[in-house]
Amino acid sequence: MENALDYPKKPVRGNPIIRAHQVRLIDENGAALGIVLLREAQEMAQQRGLDLIEVAPDASPPVCKIADYGRLRYAEQKKKTEMRKKQKITLLKEIQLRPNIQEHDYQVKLSHALGFLQNRDKVKLTLQFRGREVAFADAGRKVIERIIADLSSVGKVESPPKLEGRRIIGIISPLRAAEMEGSGS
């Protein structure tokens, strides 16, 4: 796990590490102070009790900012944790079916798939043929098409059902909120 005191992979250059002779200086309020000598910029930062931080080392001349390094690191860390909170990881859940599925079993599988799609997860529908059942692939295709039709109010077909060996595989992804409102369900 990441420690709160860990430094970033590409460290921000502070006072002693800046190697340029002249720098474009920005003060703590964001106002540009122009191009000054590095020594003058370090003195200005020291007088204000802050650090001189190189924010754009590739610019010509490099851009430096007068700021509190600890506060800057804290703000970066807070922003990173906020972004991590907001991201949603979409999982791929699988529902396995058989071509001669009974009605109650079908309804149970359908309710599981509905729950997955409502939780914003993708659903992989897998219909497995055993033995000579593959000769009746049309029966399996009807089951897959029926479940896709039943899930159309909360999901859309991402990958249409395809016969791959002894399986028919299709993927359904959840509808976005705007698409769900537009469907009128």
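Buried means under 20% relative accessible area, exposed means over 50%, and partly exposed lies in between (1.4 Å probe, protein chains only). The views below come from a predicted model, in which local features need pLDDT of at least 70, side-chain atom pairs count only at pLDDT 80 or more, and totals for chains, interfaces and linings use all residues. Residues are numbered from 1 along each chain as its sequence is written, and side-chain values use heavy atoms, with hydrogens and water left out.

**View 1. Ser 173 in strand E8.**
Ser 173 is buried, at a relative accessible area of 7%. Its place is in strand E8, residues 167-174. Helices (H or I, at least four residues) and strands (E, at least two) are DSSP runs, numbered from the N terminus. Which residues does Ser 173 touch, not counting those up to four places away in sequence? They are Leu 117, Lys 122, Val 154, Gly 155, Lys 156 and Glu 158. Contact means heavy atoms within 4.5 Å.

**View 2. The salt bridge of Lys 122 and Glu 158.**
Two of the residues touched by Ser 173, Lys 122 and Glu 158, also form a salt bridge with each other. Their closest N and O atoms are 3.1 Å apart. A salt bridge is a side-chain nitrogen of Lys or Arg within 4 Å of a carboxyl oxygen of Asp or Glu. The pair links distant parts of the chain: Lys 122 is in strand E6 (residues 122-128), Glu 158 in strand E7 (residues 155-164), 36 residues apart. Lys 122 is partly exposed, with 26% relative accessibility. Glu 158 is partly exposed too, at 41%.

Arg 146 forms a salt bridge with Glu 103, and the closest N and O atoms are 3.0 Å apart. Glu 103 lies in helix H3 (residues 103-118) and Arg 146 in helix H4 (residues 137-150), so the bridge ties together parts 43 residues apart in sequence. Glu 103 has a relative accessible area of 40% and is partly exposed. Arg 146 is partly exposed at 36%. The charged end of Arg 146 also sits over the ring of Tyr 106, 3.8 Å from its centre. For that, NZ of Lys or CZ of Arg must be within 6 Å of the ring centre and within 35 degrees of the ring normal.

**View 3. His 112 in helix H3.**
His 112 lies in helix H3. Is this residue buried or partly exposed? His 112 is partly exposed, with a relative accessible area of 43%. His 112 and Ile 95 are 17 residues apart in sequence and 8.0 Å apart in space, C-alpha to C-alpha.

**View 4. The salt bridge of Arg 48 and Glu 28.**
The side chains of Arg 48 and Glu 28 meet in a salt bridge, 2.8 Å from N to O. Arg 48 lies in the loop between helix H1 (38-47) and strand E3 (51-56), and Glu 28 in the loop between strand E1 (22-26) and strand E2 (32-37), so the pair ties together parts 20 residues apart in sequence. Arg 48 is partly exposed at 36% relative accessibility. Glu 28 is partly exposed, also with 36%.

**View 5. The four-stranded sheet.**
This open sheet has the order E2-E1-E4-E3, with mixed pairing. Two strands pair if DSSP finds at least two bridges between them. E2 and E3 stand at the edges with a single partner strand each, so one side of each is left without a neighbour in the sheet. Neighbouring strands are turned by 35° against each other on average, direction ignored. Axes are lines fitted to C-alpha atoms, for helices over the stretch in contact, and angles run from 0 to 180 degrees between N-to-C directions. H1 lies across E1, E2, E3 and E4, and runs at about 125° to E2.

**View 6. Strand partners within the sheet.**
E1 and E2 run antiparallel, joined by five bridges. Arg 24 stands opposite Ile 35 in E2. E1 and E2 form a hairpin with five residues between them, and Gly 30 in the turn has a positive phi of about 95°. E3 and strand E4 (residues 63-67) also run antiparallel, with five bridges. Here Asp 51 stands opposite Ala 67 in E4.

**View 7. The whole chain.**
The protein chain has five helices and eight strands. Of its 185 residues, 29% count as buried. The whole structure holds six salt bridges.
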